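Thank you all for making time this morning.

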Amino acid sequence: MKTNLGFKEELNKEQLRAVIETEGPMLIIAGAGTGKTRVIISRIVHLIENKGINPENILALTFSKKAADDMAKRLNKRIGSLGKDITVTTFHGFCYQILREHAFHIGLPPSFYLIDEVEEWIFIRNILPELKLEYYLNLSNPSDIINGIIRFISRAKDELVSYEDYEDYVKEKEKRMNPDNEDDMIEMKREREVARIYRTIQMRMIKEGYLDFGDQIFYTVELFKKRPNILKEYQNRFHYIVVDEFQDTNFAQIKLVHLLTQLHGNICVVGDDDQAIYRFRGASFAAFRIFEELFPNLKMLKLTQNYRSTKNILKVADTLIKNNGEDRYDPEKDLWTENKEGKKVFVSIAKSFDDEAFWIAQKIKELINKKVNPSEIAVLYRAHNHKEKLVDLLTHFRIPITIKGGIGLFELKEVRDIITFMKAIYNPKDKIAIFTLLGSAYAELKPNELLYLSKEADLRSLDLWETLNNIEILEPLSSDAKERIANLRKLITEMIPLSVDTKISYFFQQLMEKTAILKQYIFNPSKESQQKASNIINFYRFILEFEENHLINDLGSFLEYVERYIEAGGNSEYDRFDSDEEGVQFMTVHAAKGLEFPYVFLISMTNDRFPTRKRNEPIPFPDELYKEKLPKGDFHLEEERRLCYVAFTRAKKFLYISGVEKDRKRLSRFIEEILKEPKYLVVEEVPSQTEYPFLPAELEDKTILERDKLIYSLVRRIVSISDNHDDIKNFFIKSIEDILKIMEYSIPKEKGEIIEEIRKKIEDSFDIRLKKPLITIYEHERKK
């Protein structure tokens, strides 16, 4: 029986108890699709509307800004302006504000600069000589060890282990070592070096006024421990605390909420241990067990009624996750549903990844032919490179797609071309940059012409730039080649003065204006060109973020930063721009967490792909320093299995799992596990294909309206990206005006009102006024 009790949404018996039992510590185990978010929102609304709690006394913590924003919007929708007085934030955002106000109480600079992982990598790379590495010295490739250092220090902070704590651990360990044993002495040399690395980096960061993400939690806990008067201030403020996605917390975060709740004791944590998939980011092995130890008088409640999936999907998911055995917090937890049995789960086994991709593409085509909206279909995978064959096929079949993440900004040719221009202007003696530009679309010299110039430069002991300024050397070239070289030379010469003491954003704007690189993509209505325009816009956003965070922000400092950023493995992923937002949704399983789709395809279920191989850390964190009990089983495999479980439970109506088995390629062990319960499955062998239409299909002639749809999509993208960036806004206003002029002369008369609608949307979004349009061709015809 469902109960409402004044709530706008109906609640089942378990959910209702989770909402109305508000006093004391409560642990809610909320299985996939059991209405977790509904419960959290209703619980907070109940505290305010039915118990009269001041919204300012409520704190809701979650893990991503997106999740916090979504929760805040839902609360505002339910209780209006009262929702704005609730503190809804991320753990890191919460601690950031506390440290901004109180950092000086523990000797930290209140004006600290928060660095991300890439910036931390660059920082460590710059002070590498100070670390005096011996055991971990690797001059040929410092990237691996720097990444290992960052992960080690991050793990230490997640476990609230300071560098002093680690030094004490090393001293105690040394007492147990045999000085006559060579292996023991090598190990102690390694441990002492790790302790020195940790101390040096942390002290240098504090000296420079830097904090990383782990520091925010670490130092807030330290602040609360050392300054109980400040802790009391926050305890008095927050009488009720709710934590979402509790399975993703680390020990430091758990300790933080424990300190905050010692006065009132009203803490509610919500999560699902079977969906704990962020151990690699520092999440605890056993968050629920630690919480149980810290709050022995807690009330535990389980939400087990699933509203999302069919019975067959839940049975298959349960078959899988039970293999994690006693390392699960609640091994007896079983989800159930009143939904229909539904279709059996499809499992396809192919002999190659080409066969797999072709078979799945056919299945997706069948669904779309049955009037399924493409956006209701999700393709999930363990890693981005697993999707490419299927993406090519769906593109060939004219099936719209939307890819979430996975596009490395600096891997894109159009971005690399701009960086090459920047390098050539900053240092015209950069032979590689000049040579690349001469062969690019901007100069288009032929291979024999490039070879000639290169040889002449070597013979005369000149750099390539000097060669381009030597009339004698250029004489044998064709007049067209000479003209293109002259244009390139003129451009570089004009831009050189701007490479010194000029903000990189202004430099970029001038480069785009003089080269027309961006406009050539904006005014080309093909989907590929619109994608490239969007990528360049994202690059400009990257430039502005650099400028905002660096006092020295000219071309030279930017190029140095980009070089270090790429070396550090920085990716700056952006969603792939797509003219049709209603496309098939492509994303990793991690990105799909918290989402649901009627139709889910989980692909590339092959061992070493999913599950992935376990990789050992170059600097392992000692087991003795973990604050929680370690799992008995293979934790890496168990986490991969939980990730697979998350993928299964995204599906509402239809789940299709595919893998490859041939020769050395072994079918994923997760498929083998679910095959033990075949009554919920339909297993099919994928026939081999001899030919595949992998090449992109020829571009069809775009109709006027299709072209304008592409252009409008780009405008909408510009509006979205420009939000909160006046520099981007102002830079693109001229381009938007040009776009509208093009549309005025291309949209049919009966669709002409679209122009004003688009113009108004743009003006409202930008809070600007665009130039009035020229008289349209249709009005001109009427006046004739």
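By salt bridge I mean a side-chain nitrogen of Lys or Arg within 4 Å of a carboxyl oxygen of Asp or Glu. This is a predicted model, in which local features need pLDDT of at least 70 and side-chain atom pairs count only at pLDDT 80 or more, while totals for chains, interfaces and linings use all residues. Residues are numbered from 1 along each chain as its sequence is written, and side-chain values use heavy atoms, with hydrogens and water left out.

With that rule, the count comes to 50 salt bridges. One of them joins K389 and D354, whose side chains meet at 2.8 Å, N to O. This pair links distant parts of the chain, since K389 sits in helix α16 (residues 388–396) and D354 in helix α15 (residues 353–369), 35 residues apart; helices here are DSSP runs of H or I with at least four residues, numbered from the N terminus. K389 is partly exposed at 38% relative accessible area, and D354 is partly exposed at 22%, where buried means under 20%, exposed over 50% and partly exposed in between, using a 1.4 Å probe and protein chains only.

Salt bridges with shared partners also join D272, D273, D274, R328 and K333 into one network.

Let me turn to a pair within one helix. R190 and E187 form a salt bridge at 2.9 Å, N to O, and they are three residues apart in helix α9 (residues 182–208), about one helical turn. Here R190 is buried, at 8%, whereas E187 is partly exposed, at 22%.

Methods. Helices (H or I, at least four residues) and strands (E, at least two) are DSSP runs, numbered from the N terminus.
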